[in-house]
Number of protein chains: 4
Amino acid sequence: MSGNTFGTLFTVTTFGESHGPAIGCVIDGCPPGMDLSEADIQPELDRRRPGTSRHVTQRQEPDTVEILSGVYQGKTTGTPIALLIRNQDQRSKDYGNITETFRPGHADFTYWNKYGIRDPRGGGRSSARLTAPVVGAGAIAKKWLHQQYGTVFYGGMSQLGEIDIPFEAWAHTVDNPFFAPTADAVLIQRLEDYMDALRKDGDSIGAKIDVVASKVPVGLGEPIYDKLDAEIAYAMMGINAVKGVEIGAGFKSVAQRGSVHGDELTPDGFIGNNAGGILGGISTGQDITVSIAIKPTSSIRTPRRSIDKDGNPVMVETFGRHDPCVGIRATPIAESMLALVLMDHALRHRAQCADVRLPA
Amino acid sequence: MSGNTFGTLFTVTTFGESHGPAIGCVIDGCPPGMDLSEADIQPELDRRRPGTSRHVTQRQEPDTVEILSGVYQGKTTGTPIALLIRNQDQRSKDYGNITETFRPGHADFTYWNKYGIRDPRGGGRSSARLTAPVVGAGAIAKKWLHQQYGTVFYGGMSQLGEIDIPFEAWAHTVDNPFFAPTADAVLIQRLEDYMDALRKDGDSIGAKIDVVASKVPVGLGEPIYDKLDAEIAYAMMGINAVKGVEIGAGFKSVAQRGSVHGDELTPDGFIGNNAGGILGGISTGQDITVSIAIKPTSSIRTPRRSIDKDGNPVMVETFGRHDPCVGIRATPIAESMLALVLMDHALRHRAQCADVRLPA
Amino acid sequence: MSGNTFGTLFTVTTFGESHGPAIGCVIDGCPPGMDLSEADIQPELDRRRPGTSRHVTQRQEPDTVEILSGVYQGKTTGTPIALLIRNQDQRSKDYGNITETFRPGHADFTYWNKYGIRDPRGGGRSSARLTAPVVGAGAIAKKWLHQQYGTVFYGGMSQLGEIDIPFEAWAHTVDNPFFAPTADAVLIQRLEDYMDALRKDGDSIGAKIDVVASKVPVGLGEPIYDKLDAEIAYAMMGINAVKGVEIGAGFKSVAQRGSVHGDELTPDGFIGNNAGGILGGISTGQDITVSIAIKPTSSIRTPRRSIDKDGNPVMVETFGRHDPCVGIRATPIAESMLALVLMDHALRHRAQCADVRLPA
Amino acid sequence: MSGNTFGTLFTVTTFGESHGPAIGCVIDGCPPGMDLSEADIQPELDRRRPGTSRHVTQRQEPDTVEILSGVYQGKTTGTPIALLIRNQDQRSKDYGNITETFRPGHADFTYWNKYGIRDPRGGGRSSARLTAPVVGAGAIAKKWLHQQYGTVFYGGMSQLGEIDIPFEAWAHTVDNPFFAPTADAVLIQRLEDYMDALRKDGDSIGAKIDVVASKVPVGLGEPIYDKLDAEIAYAMMGINAVKGVEIGAGFKSVAQRGSVHGDELTPDGFIGNNAGGILGGISTGQDITVSIAIKPTSSIRTPRRSIDKDGNPVMVETFGRHDPCVGIRATPIAESMLALVLMDHALRHRAQCADVRLPA
């Protein structure tokens, strides 16, 4: 197993390369008897797909999903669900100039050194395009968790470069191209202008994304190693370009005193949520709150120093079609990863402890 | 498997509770033929053990390790290595008052809700005492990695509460009780005073710890999910009290431009290390750099509101013997987790790709 | 993970149902740099596919395989290899009469009771059709093992019903429709007549299949549980209709004395192979020899008593297109499973012990 | 993971060597809240321990088990249960003569070639002594399965060398030293005489063991690979000295017609059990019936040809204390392995399908 399977009981095994014939995944362990069709999955894929605004890559991919197995007469049967997405808009020639050189900040250098061979077309296997099957699988996990426990997921951008995006309401994330949870038109315009300037500069920028799961059952997570927060950190850090993960108070915990950080309990519930909904690696029933840092896209037009595979110095400019801020499309991906972790742990909990305690 | 095994090919399965008869682990997958005795392991355990200064818990545990298997005539045989550490200084009566109540910030509430039963003595299974077997296993991983590749590990504290600790040199970490990489006597005194004041207040504080692995082979890490950074995030977030993890530039990436973040390459190597030694989930051969946020200890003398297991409101004051800053002893633990991840991935890489490329 | 992934490091995750749109698998962990195209895989699929003689099912499936990922410019890249086989000749209406009843000897009863739902078309997920992707994956394992170690695989039928088929040479297995390792034309005719009579009777029959791997490296297999023979037994018993597995002397060992059974060693090698090439769960470098018992096909025209899903008594006659002896097509499947086990253990061995000792 | 962990959700990780300081295991995934003490485990260990009759090894090992973790106030807590058994009666000098030579039929040759080092004392890790921790773990699985579903286990010897032992009743297995399910005093005497003669000859003999699980829930087993029968085959073939495994009709299926083999169903249940309680890899609720072939002990006094580690020819006579028929003590081991498989699959089923259907 070279790391292409996610999960322990609800597993997602992905395949495909950015410019190969198809990408997809096999989802194993889905409980039987749930209504499921492509119509449950396609909307989530549409949230993530490229080409939806001028601030993301202009590659045209409808990302149309086909269910190949595991569903009979509109219901899951408990057998593996295979999802297939044919690639449509490969322009591999755009990448001709990078087959022999390593783009700074990209996986080119490491794939070459690890495997002695790499598919350079659009980043090959290391392309963010491979998050599409994950989002497909996440749609199934979200549906099941919602049906079973009422769990819902939210996510959005809280920082773009040095611009903070104060939280107003999740509902606003559908009204702008950034998944920004704000209705502040001035701020949105500022984000648009910021991105336009970046594109003009041929440069890119990082972002911070927050995701939340609400109505999570109490008791999910397996100490000592497969703690719920450890698994979330693993899931999030595994998303392309992520460099940092926080749960609850995160790095703010460093300067907090115990008398401030530790969330008190009352008969009506917890007071505060510095814990981010997890204590001792197990869910408390509060909101699970996660923040991630996403680095700037490494594919930029600005010329940069690098070497070719023989070690000779070269200058690299990356053309092709790229997201100037890969964080813009990261929200549905991060939500999906969180859903996959929770679904897997719901099943793991049920195995050992039988009952799942519904959230308050 | 309820989460008590760490690793895929080099696995560590731990057992034990804080106040049970013993703690320990079984290490499976160690390559045969390496010299090994308790003398290789005990020094690492001694770095982590309690009672070494007035700033950590005063529980007296020699943490003497016994190797029960897997070694013959001083060499590893390739069979499982079991480590046993008998608990010596249990004072369970100190915990009598918390058997029915949930301490804020602790796993009491979640263990009770998950399992319907919990061992309350010293935190039971969720105690940081359970990091001792991990440090024992880490000592074996460190030795093997050093013999094979010359890999070395460093770690220390970079922040205590709101006090920054500027990095000078790793060598200084052995000269103060905080693993602070500084020879600044004024700063050390300030840290001492800060901790003394906290203890007097009956309160606790968070910390930030940095760990580094040098001379890491190129090519370790398994895309797409078992990326090296994803596994490190999982390992670190699984350490008791950790709330945040960063690789390389971490959250600073959010405000960086691509033209700044992406480390350029020259024939003499990378310029800069915003990547933290990992690109596309695979090691570059540069230093692996990791930072973690550790929350303040939840066991404090300050009275706090909580509930008992029947939901009635209570006030909780935690006595017993506790670390006022659990971050102080976290450095050897974080180094060990990093070593376990790298060892596991060195074996995984060898399985698929046969050759391991030595670091420059 | 509900059991649809085979292997630890070289993993095969299959999907699909007999009458769904497609079947296939994702192969993860294949070493990079091996030449691979559909032309390496199709011949093995052709050995197994239906419709090749009047003694097997007449369903017309070309079983044309498409590689969707993991290969670039004709070489494996180390990323997952997805194989897709579209189903062509579904005649689900043939199965209309069994949607509500449980066919004796089939998985109908157990799938229904396990999942509360089942895809009845052609046996759905439990159909022997699902061995096709395994044979595809096996072709890749066979190629790699042969390139690395010179390993070769043989297999054939040693018993059909009560008729023994004395071994002459593996080369003969391609000259008759039974994979019988004999050139005895009289015996072959007897087998043909036997099968013709069975078909006329609307009945079916069992078979015994032998498979052998030659030129296997010394040292493959992981004690204590993942012994090479244990994994082979798991692989073989997992093939549809298998009810017994033997390694080496198998059940003959029961009446053997130690002075007879234990294969002596000389400087020129072992004398005898009662061990079947495995001692203490680890390969000796001798031929690995395996025998399996395959039960008679459960789909027969002869009317049989059963119940429907509400527990009412019914009579069941199975029409549709079926193999009267599923053992006839089992040889390439059993060879493939053996190849998958050996490939997985070659990688596992390499992870822990680095060197693989070539067979003599 | 080099194969020392058994199971997926209810896992047993063993450690230890025949003549090391201790053997034991860590059991992970046990549901919380079950009464458990050493008194539940010791009786099963006593059934398997050496020295109970003159027909088994005379090594004196009380096999006293200590529970190190996972139990609080007499109840399981859901955390890992560690079992420790100190070795008492090592006489390693008995093995001095075999440190440099490979005993025919033993793992000496393969361990040496795999690892380049081996612990020769009493067979080291490959000794049948390592089945003791498994039996300890099996006792826990048996208790849980019985409490939850009423499942019970039976086992006994059905053949010793060429002597058949016709089944009368399981109750008789406790009345003779062979676990023979017969009250036939003449037959028992014949078995005693047979063994006495063997010992006098310095030789050994094989045996056939049958095990049965009754009152097994319907629906256990995970198609396609982790079929219940596949996992049982893996578990049984992994027991020291096992060379063959049958489920239900086993090798008799080869000569059966479909109209005979397929067990018919009526409203009152199945008629016949050629399936051995498993269809399509999933339990039917009928008795699970398993037979295994156990080879003769390889440690015999009769001189045999072999080589030393440098390839020179030598003669080997094995002294020390050995079972002349390792099959005699195999019954409790095989029952335990069957219990571990069923327990693991009960938890796996519960994860995906929530409800477990009680046996009729």
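Trainee: Which helix of chain A holds A:Arg48?

Mentor: To place a residue, look up the element that spans its number. In this predicted model, A:Arg48 belongs to helix α1 of chain A, residues 38-48.

Trainee: Is A:Arg48 buried or exposed?

Mentor: Here we count neighbours, and a residue is buried if 20 or more other C-beta atoms lie within 10 Å of its own. A:Arg48 has 23 C-beta neighbours inside 10 Å, so it counts as buried.

Trainee: Which residues is A:Arg48 in contact with, leaving aside its neighbours within four places in sequence?

Mentor: Among them are A:Thr131, A:Ala132 and A:Val135. The list also includes A:Arg329, A:Pro332 and A:Ile333.

Trainee: Where is A:Arg54 found, then? And is A:Arg54 buried or exposed?

Mentor: A:Arg54 sits in the loop of chain A that runs between α1 and β4 (65-67). With 12 C-beta neighbours inside 10 Å, A:Arg54 counts as exposed. So the record's pair has A:Arg48 as buried and A:Arg54 as exposed.

Trainee: Let's turn to the chains. How many residues of chain A are in contact with chain B?

Mentor: Start with the count on each side, then ask about its make-up. In this case 87 residues of chain A touch 87 residues of chain B. On the chain A side, they divide into 34 nonpolar, 34 polar and 19 charged.

Trainee: Which strands do bridges join between chain A and chain B?

Mentor: Strand β11 (residues 242-247) of chain A is joined to strand β11 (residues 242-247) of chain B by three bridges, and the two run antiparallel. For a landmark, find A:Gly244, which stands opposite B:Glu246 in β11(B).

Trainee: And how many residues does the contact take from chain C and chain D?

Mentor: Chain C gives 87 residues and chain D gives 87 residues. Three bridges join β11 (residues 242-247) of chain C to β11 (residues 242-247) of chain D, again antiparallel. There, C:Gly244 has D:Glu246 as its bridge partner in β11(D).

Trainee: What rotation superposes chain C on chain D?

Mentor: For symmetry, read the angle together with the shift. Chain C goes onto chain D by a rotation of 180° with 0.0 Å of shift along its axis, at an RMSD of 0.0 Å. The two copies are therefore related as by a two-fold rotation axis. The same surface serves both, since 100% of the contact residues of chain C recur in chain D.

Trainee: Which residue of chain C comes closest to the rotation axis?

Mentor: That is C:Tyr234, with its C-alpha at 2.3 Å.

Note on methods:
Residues are numbered from 1 along each chain as its sequence is written. Chains are lettered from A and ligands numbered from 1 in the order in which they are written. This is a predicted model: local features need pLDDT of at least 70, side-chain atom pairs count only at pLDDT 80 or more; totals for chains, interfaces and linings use all residues. Copies are superposed by least squares on the C-alpha atoms of residues with pLDDT of at least 70 in both. Two residues are in contact if their C-beta atoms, placed from the backbone, lie within 7 Å. Ala, Val, Leu, Ile, Met, Phe, Trp, Tyr, Cys and Pro count as nonpolar, Asp, Glu, Lys and Arg as charged, and the others, Gly among them, as polar. Two strands pair if DSSP finds at least two bridges between them. Helices (H or I, at least four residues) and strands (E, at least two) are DSSP runs, numbered from the N terminus.
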